[in-house]
Amino acid sequence: MPENERGARARTRQAILSAAIEVLGQNPAAALSEIAAAAEVGRTTLHRYFPERSDLLKAVAAEGSTRLDRATASARLDEGSGADALLRLCREYFDLGSLLSLIFTDPDCLSDATPILDDGCDDRFSAMIDRGHRDGTIDIALPAPWLSSLMWSQLYAGWSYVSQHGASRHEVLELLVRTVDGAVAPRATAG
């Protein structure tokens, strides 16, 4: 947020960004007038904060990066078993809701936002998976890049299921966690 924005100005800016994430998550080609209406501001107000669509998209990417970083920090990737940390990360990311929809419908919008979106395996993610391999909670045959793809695909599946089937977020989150947990668990060896 620009340093000169405090109080009501900061709240208005945040309302516009939140509305942009909601609206663009449903329709990446949405008009600025739709975003302004969702933010409950006039189009001229939106243009005062973001003169061009590209300015708004740049700010949305920065806000998205902040939210992803906050969710990653909340997941406490360095605590507990590797599998437990991965499941916490799934829960935190699932709660991002519309931001996930935006990532899934327009992945380029946040392409530079955070390393975890680049190849899915920033150092924190890889360290968490390595810990899971060592502590026996994540199948050693599953590399970190594969597990990142698994996590993102299941997040996509979860949000698609919510929108297509009208299932509750709580129900779908439980399905997602169960699926990821079962997928990463070490396999019993025949002996």
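Predicted model: local features only at pLDDT ≥ 70, side-chain atom pairs only at ≥ 80, totals over all residues.
Local features were taken only at pLDDT of at least 70 and side-chain atom pairs only at pLDDT 80 or more, while totals for chains, interfaces and linings use all residues. Residues are numbered from 1 along each chain as its sequence is written, and side-chain values use heavy atoms, with hydrogens and water left out.

The secondary structure of the chain consists of ten helices and zero strands. Helices (H or I, at least four residues) and strands (E, at least two) are DSSP runs, numbered from the N terminus. Read along the sequence, the pattern is α-α-α-α-α-α-α-α-α-α. The C-alpha trace spans about 70 × 40 × 25 Å along its principal axes. The chain has 191 residues, and 47% of them count as buried. Here buried means under 20% relative accessible area, exposed means over 50%, and partly exposed lies in between (1.4 Å probe, protein chains only). Contacts (heavy atoms within 4.5 Å) were also sorted by sequence separation. Among those with a separation of 6 or more, 65% come from residues 24 or more positions apart.

Helix α6 covers residues 98-105 and is mostly covered. Six of its eight residues are buried. These are S98, L99, L100, S101, L102 and I103.

The domain assignment divides the chain into domain 1 (1-51) and domain 2 (64-184). Such bounds come from an automatic or database domain assignment. The contact between the two takes seven residues from domain 1 and seven residues from domain 2. Taken over C-alpha atoms, the domain centres are 28 Å apart.

The size of an interface is often given as the accessible area lost when the parts come together. Domain 1 and domain 2 bury about 610 Å² between them. Buried area is the accessible area (1.4 Å probe) that two parts lose on being put together, summed over both. Of this area, 60% lies on carbon and sulfur atoms. In domain 1, the residues that lose the most area to domain 2 are I21, G25 and P28. Together they account for 72% of what that side buries.

Between the domains there are zero salt bridges. A salt bridge is a side-chain nitrogen of Lys or Arg within 4 Å of a carboxyl oxygen of Asp or Glu. Two residue pairs are in polar contact between domain 1 and domain 2, both at pLDDT 80 or more. A polar contact is a pair of N or O atoms within 3.5 Å; within protein, one must be able to donate a hydrogen and the other to accept it, and residues adjacent in sequence count only if both atoms are side-chain atoms. The side of domain 1 that touches domain 2 has three nonpolar, three polar and one charged residues. In this classification Ala, Val, Leu, Ile, Met, Phe, Trp, Tyr, Cys and Pro are nonpolar; Asp, Glu, Lys and Arg are charged; the others, Gly among them, are polar.

Side chains of opposite charge can pair when their charged atoms come close. A search of the whole structure finds four salt bridges. One of them joins the side chains of E63 and R67, at 2.9 Å from N to O. Both residues lie in helix α4, four residues apart, about one turn of the helix. E63 is buried because its relative accessible area is 11%. R67 also counts as buried, at 19% relative accessibility.

Another salt bridge links R124 with D122. Their closest N and O atoms are 2.5 Å apart. R124 is partly exposed, with a relative accessible area of 37%. D122 is at 10% and therefore counts as buried.

R76 and E79 also form a salt bridge, with the closest N and O atoms 2.8 Å apart. E79 is partly exposed, with a relative accessible area of 39%. R76 counts as partly exposed at 36% relative accessibility. R76 lies in the loop between α4 (53-74) and α5 (82-94). Its backbone also stands out here: phi of R76 is near 50°, a positive value in a residue other than glycine.

E40 likewise has a positive phi, about 60°, although it is not a glycine. E40 is found in the loop between α2 (32-39) and α3 (43-49). Its relative accessibility is 73%, so E40 counts as exposed. From C-alpha to C-alpha, E40 and G7 are 17 Å apart in space. In sequence, E40 and G7 are 33 residues apart.
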